[in-house]
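Open your viewer and keep the selection tool at hand. We will go from a whole chain down to single residues.

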Amino acid sequence: MDTILKVDDINVFYGSIHAIKGVSFEVKQGEIVTLIGANGAGKSTTLNTISGLLHSKTGGVTFMGEDLSKTPCHKVVSKGLALVPEGRRVFLQMTVQENLEMGAYIRGKVNPDDLEHVFQRFPRLKERRKQIAGTLSGGEQQMLAMGRALMSHPKLLMLDEPSMGLAPILVEQIFDIIQELHKDGTTILLVEQNARAALHIADRGYVLETGKIVTTGTGAELLDSPAIKKAYLGG
Amino acid sequence: MSFLTNLINGLSLGSVYAIIALGYTMVYGIAKMLNFAHGDVIMIGGYVCFVSVMSLGLGAIPSILLAIILCTLLGILVERLAYKPLRQAPSLAVLITAIGVSYFLQNAALLIWGSAGKVFPSLLDGIPSLQLFDGQLTVSGKALVNIVVCLITMTVLTLFTGKTRVGKAMRAVSEDKGAAQLMGINVDATISLTFAIGSGLAAVAGVLLCSTYPMLMPTTGSMPGIKAFTAAVFGGIGSIPGALLGGLLLGVLEIFCNAYISQELSNAIVFGVLIIVLLVRPTGLLGKPIREKV
Ligand SMILES: Nc1ncnc2c1ncn2[C@@H]1O[C@H](COP(=O)(O)OP(=O)(O)OP(=O)(O)O)[C@@H](O)[C@H]1O
Ligand SMILES: [Mg+2]
């Protein structure tokens, strides 16, 4: 399998805080890879650096063979890399449909088929297409954030805690959707607090601790590792 | 009929405030900064139009267009040179910079055109006035122009931000720059565009203002600038209909105070009303308090 994303020795700072310390990892075409780690380990910082919102002092990010270090953030999505950010960050004062249109911004005119495709995956959004996103429930907002990212036809979809704050039934639904997307050919980089569920669907995982990758392995290996069980899976 | 005459004068003045307020509101919405130099762009627009008519001998329409073009460029330039380097700086630093730019523009005008007032050429005198109620009520051509231009501007901008791809992108940037970038929207270009639109509108407002009050000085833009800023806050800063409503209400209030209460007190009353409105509704008349879901 080809490597689609390669993160090579990135070091990210917030002022004097050294948040990411020499992280390297890769994602291969067609995989689901998960990054797990405690609060503040640097998972979001890593995803934000890949998508160009933050910058690394060293090393670089290569996506489909292209070095992204010099690419401005707003050009990254057109390369085929989309991020569903932590906390959803849908445009609260815009309608559901307008949010989806923004997802297709780089494609110019919105393709009605793309819109229909997202509505098929998230029927709830279709009912509410004229509703202001700020009035959606948390779960609906998460669906909107995912649908919005899908509008750009990403080759690699990065999801930052898509199950945050959702009821168990919705969490299950979100994980099902992630697996469906994966079946349809999207490569996925998933950040989750819900380590058990993430490792279950992941081909491989990386464990991040205070800005460093400490362990890696297949999903099953990590699920079985006593150390991981103790630290992230609740014994 | 004097009541109606006053009302129309108020709407006419309020229309100019509304156009200026739009510039404040759009720039605030996108860049989250109060561009205190906005009023001075009005003044520059007035001077450009003045020079174009009096020294270059151009007609009214080309002169107005020239003012719009130069002010648009000035707006983009000011943003690029003064505000863009401060994109990550605390808002107080940006505010002080904006005040600095304001003084810079006033002093530049002082240097170029001197402190003596210039009498603005009467560009809009050719517009016929409108007689209503068998000639009992006259709406001057200038008032008509002010109101019509204001309504056209509002309609165009509302359609632009509501229906077009770039306009929607602008709203997206005003809500969340990071998320907008993730969508592939060029935030810097969007901010430049906003300053361009705001400054172009300031030029229009400058011409309208100077046609109604034909005395042009380097400080001409300050007071209308502050009033329009007030109007923008009054209506709900960040909101386009808010700018319209705030501007019109402020204009009418000011003219009524002048006519029925006292010329000296009118500013005090206008700002007093603003304070009361903000005490009751801190987000302004049409401003939306934003709630985030966690
Ligand atoms: N804007 C910021 N300014 C300063 N420090 C920050 C900022 N954002 C994050 N940090 C710090 O960087 C470190 C990594 O943060 P990050 O958000 O990447 O963690 P995370 O693994 O995503 O955590 P969580 O699971 O809670 O979302 C933390 O120590 C955090 O305090
Ligand atoms: Mg995080």
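Here is a short tour, stop by stop.

**Before you click.** This is a predicted model, where local features need pLDDT of at least 70 and side-chain atom pairs count only at pLDDT 80 or more, while totals for chains, interfaces and linings use all residues. Residues are numbered from 1 along each chain as its sequence is written, chains are lettered from A and ligands numbered from 1 in the order in which they are written, and side-chain values use heavy atoms, leaving out hydrogens and water.

Stop 1: Show the cartoon. Chain A has 10 helices and 10 strands. Both are DSSP runs, numbered from the N terminus: helices are H or I with at least four residues, strands are E with at least two. The C-alpha trace spans about 45 × 40 × 35 Å along its principal axes. Of the 235 residues, 54% are buried (under 20% relative accessible area, with exposed over 50% and partly exposed in between; 1.4 Å probe, protein chains only).

Color by charge next. Chain A carries 26 positive and 26 negative side chains. Lys and Arg count as positive, Asp and Glu as negative; His and the chain ends are left out. The centres of the two sets lie 4 Å apart, with each charge placed at NZ of Lys, CZ of Arg, CG of Asp or CD of Glu.

**Stop 2: A:Leu223.** Select A:Leu223, in helix 9 (residues 219-224) of chain A. Is A:Leu223 buried or exposed? A:Leu223 counts as buried because its relative accessibility is 13%. Leaving aside residues up to four places away in sequence, A:Leu223 touches A:Arg196, A:Leu199, A:His200, A:Lys229 and A:Leu233. A contact means heavy atoms within 4.5 Å.

**Stop 3: A:Gln97.** Move to helix 3 (residues 96-103) of chain A, where A:Gln97 is found. A:Gln97 has 16% relative accessibility, so it counts as buried. Which residues does A:Gln97 touch, not counting residues up to four places away in sequence? They are A:Leu115, A:Arg129 and A:Lys130.

**Stop 4: cysteines in chain B.** Select B:Cys49 and B:Cys210. The closest cysteine sulfur to that of B:Cys49 is in B:Cys210, 8.1 Å away, which is too far for a bond. A disulfide needs a pair of cysteine sulfur atoms within 2.5 Å. Over all chains, the structure holds 0 disulfides. B:Cys49 is buried, at 0% relative accessibility. End at B:Cys257, also buried, at 4%.
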